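Here are some notes for a colleague opening this entry. They are meant to be read beside the structure.

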Amino acid sequence: MTGTTKLGEIAMRRLAALLLLAAPLPALAETIVTGPRIPMVEEQSIDDLRLKMAGGISSEEITRAYIARIEAMDRKGPTLRAVIALNPDAIAEAQASDARRKAKKLLGPLDGVPILIKDNIETKDPIATTAGSLALKDNRTGRDAPVVALLRAQGAVILGKTNLSEWANIRSTKSMSGWSAVGGLVRNPYALDRTACGSSSGTGAGIAASFAAAGLGTETDGSVVCPSSMNGLVGLKPTVGLVSRSFVVPISHSQDTPGPMARSVRDAAILFSAMIGSDAADPATADAGKYRKDYAAGLSAGGLKGVRIAVYRPDVPALEKVKFEEALAVLKAQGAVLVDVTRPKTDGMGDAEFDVLKFELKSDLDKYLAAAAPAVKARSLNQVVAFDTANAGSEMPYFAQEIFDMAAKSKGVDEPTYKAQREKSLAAAKGAIDTMLKDAGATILVQPTYGPAWLSDPVYGDQYNGPSSSELPAISGYPNLTVPMGLVRGLPVGLSFIGPAYSEQALLNAGYAYEQASKARAVPRYLPSVDGGPEVEAAR
């Protein structure tokens with residue numbers, strides 16, 4: 001009887017929570033879609049859009065088509081909740097691009113191409129940068145993060161800001177990825193009851209759903225590669241120091257970096273090429289200018305011939321193992337030399353990383369909040385904790401803020417153990433990757449990125465406990481490229497290409513060759529679930 005009662009209570013909690021999640025969200029700014037043509041934008045690459053514009057379709061028409069698609073699908077239809085805010089200046093930016101095209105003064109390969117930006121990255125547009133928190137709902141700084149300024153310098157149209165796991169998923173150990181107080185819960189376009197992962201959840205779901213050509217995410221540990229993998233995208237977590245973090249709501253200056261997310265390797269490479277640059281306010285980027293080039297130019301279907309690849313085979317369920325073996329067979333068929341390796345032990349690395357993230361969060365977020373927009377009342381992590389406590393009904397309906405509590409009570413980077421813990425985690429992560437590459441005589445390491453998306457659960461939070469590719473490259477600062485390797489029971493999974501610092505070109509070359517040979521990415525079908533039924537079975 002007691003067990004039955006407990007199960008009943010859990011069921012009622014689930015029902016109540018899901019009803020809350022399904023409640024209508026504040027409407028996006030009304031946009032009237034006019035004009036003689038609404039071009040097809042679903043599954044269109046950056047090159048496709050450039051050809052359309054060269055052929056006479058305007059950037060304004062393309063931008064309006066994306067806005068119409070968002071209006072039809074983000075708060076209606078499948079209700080993905082991927083976009084927190086549309087940019088009211090997007091149409092004017094598109095019109096400016098059209099004027100440049102007419103005058104034959106295009107700024108670059110992104111001129112007129114709509115791009116979505118994760119809502120922890122500042123833009124000078126009249127929309128707030130919230131990190132998903134109501135504490136930052138008035139954070140209109142009027143400034144572009146340097147990475148956004150670089151995109152604008154190439155003429156990119158900033159279409160809007162994407163939803164995310166609140167505070168980039170650093171608030172609680174029991175969080176539900178993809179949920180924020182500002183934007184609600186992002187839904188996975190492959191199965192609406194599954195997680196979009198995080199923290200770049202909205203960029204993942206939005207780009208998978210063709211709400212823009214490509215988008216920006218950010219990663220501290222997994223926040224680009226996980227949502228990319230689980231939403232059938234290509235995602236690149238770059239070498240830390242290639243892309244500026246200034247005016248990005250921070251977690252960790254050791255590990256944070258923006259990264260591109262797209263539906264193809266080429267699109268990710270085009271976007272990544274525009275993001276690289278030195279920034280005097282971010283010392284880690286001092287050498288970034290040396291690596292600024294066109295990473296898409298050298299992509300070739302023959303990019304795997306003769307390439308030695310270290311293969312790490314984590315313990316994964318049978319269907320995921322089959323999919324990974326299929327991917328390895330493609331690599332081998334394209335001329336790669338595969339060498340199995342064993343991952344070295346990294347005892348204590350995870351705990352050391354957690355300490356580093358807590359301490360850097362305290363110092364870095366305090367610094368950011370002190371310079372936030374004047375209308376923001378919370379000027380420190382301690383004040384955010386107090387805000388969340390005072391507004392628990394809206395900010396903490398599903399999970400609390402125990403990581404914030406721990407970080408707020410620390411001395412930040414002045415903690416006596418901070419430097420030792422950073423050195424420990426860094427040495428372990430770099431050592432593990434370097435050892436596996438050396439053992440195989442290889443330049444690239446591959447492994448599954450993550451498993452399939454788990455059910456979104458407002459009661460128990462995230463439920464994934466399997467292996468992932470994100471930890472070692474995140475801590476070491478090394479790059480990690482994930483490329484779709486198909487579906488497992490209707491849900492996307494990704495293949496990670498990992499290398500030493502500044503090896504992005506080699507990873508993109510290998511990822512592109514694999515992508516072209518495998519053609520593994522599947523278009524999302526917005527199924528309500530993948531747990532059963534004839535429609536689900538037909539998609540498998």
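**Notes on the predicted model**

1. Arg152 is a buried residue: its relative accessible area is 16%, and the cut-off for buried is under 20%. This arginine sits in helix α5, residues 146–153. The model is a predicted one. Leaving aside residues up to four places away in sequence, Arg152 touches Glu93, Leu107, Thr123, Lys124, Asp125, Asp144 and Ile158.

2. A search of the whole structure turns up one disulfide. The bond joins Cys197 to Cys226, with an S to S distance of 1.8 Å. The torsion about this S-S bond is about 100 degrees, so the disulfide is right-handed. Cys197 belongs to the loop between β5 (184–185) and α6 (201–208), while Cys226 belongs to helix α7 (residues 225–230), so the pair ties together parts that are 29 residues apart in sequence. Both Cys197 and Cys226 are buried.

3. Of the 15 residues, 11 are buried, so α16 is largely enclosed by the rest of the structure. Among the buried ones are Leu507, Leu508, Tyr512 and Tyr514, and also Glu504 and Glu515. What do the buried residues of α16 pack against? Their partners are β7 (234–237), α8, α9 (318–333), β11 (444–448), β12 (480–488) and β13 (491–498). Just after the helix, Lys519 has a positive phi of about 45 degrees.

4. Helix α8, one of those partners, runs over residues 265–275 and is mostly covered, with 10 of its 11 residues buried. The buried set includes Val265, Ile270, Leu271, Phe272 and Met275, as well as Asp267 and Ser273.

5. How many cavities of 30 Å³ or more does a search of the whole structure find? There are three cavities of that kind. The largest cavity holds about 80 Å³ of space. Its lining has 14 residues, of which Asn120, Thr218, Glu219, Thr220 and Asp256 lie nearest the centre. The elements giving two or more residues to this lining are β6 (214–219) and β8 (257–262). By class, the lining of the largest cavity has six nonpolar, six polar and two charged residues.

6. The second largest cavity has a volume of about 40 Å³. Its lining divides into 11 nonpolar residues, one polar and no charged. Residues lining this second cavity include Asn120, Leu164, Trp167, Ile251, Leu365 and Phe404. Asn120 is also named among the residues nearest the centre of the largest cavity.

Notes: Residues are numbered from 1 along each chain as its sequence is written. This is a predicted model: local features need pLDDT of at least 70, side-chain atom pairs count only at pLDDT 80 or more; totals for chains, interfaces and linings use all residues. Side-chain values use heavy atoms; hydrogens and water are left out. Buried means under 20% relative accessible area, exposed over 50%, partly exposed in between (1.4 Å probe, protein chains only). Helices (H or I, at least four residues) and strands (E, at least two) are DSSP runs, numbered from the N terminus. A disulfide is a pair of cysteine sulfur atoms within 2.5 Å. Contact means heavy atoms within 4.5 Å. On a 1 Å grid over the protein atoms alone, a cavity is a set of points where a 1.4 Å probe fits but cannot get out, and a pocket is an open set with protein on both sides within 12 Å along at least five of seven lines; lining residues have an atom within 4 Å of a point. Grid points are joined across faces, edges and corners, and a volume is the space filled by probe spheres set on the points. Ala, Val, Leu, Ile, Met, Phe, Trp, Tyr, Cys and Pro count as nonpolar, Asp, Glu, Lys and Arg as charged, and the others, Gly among them, as polar.
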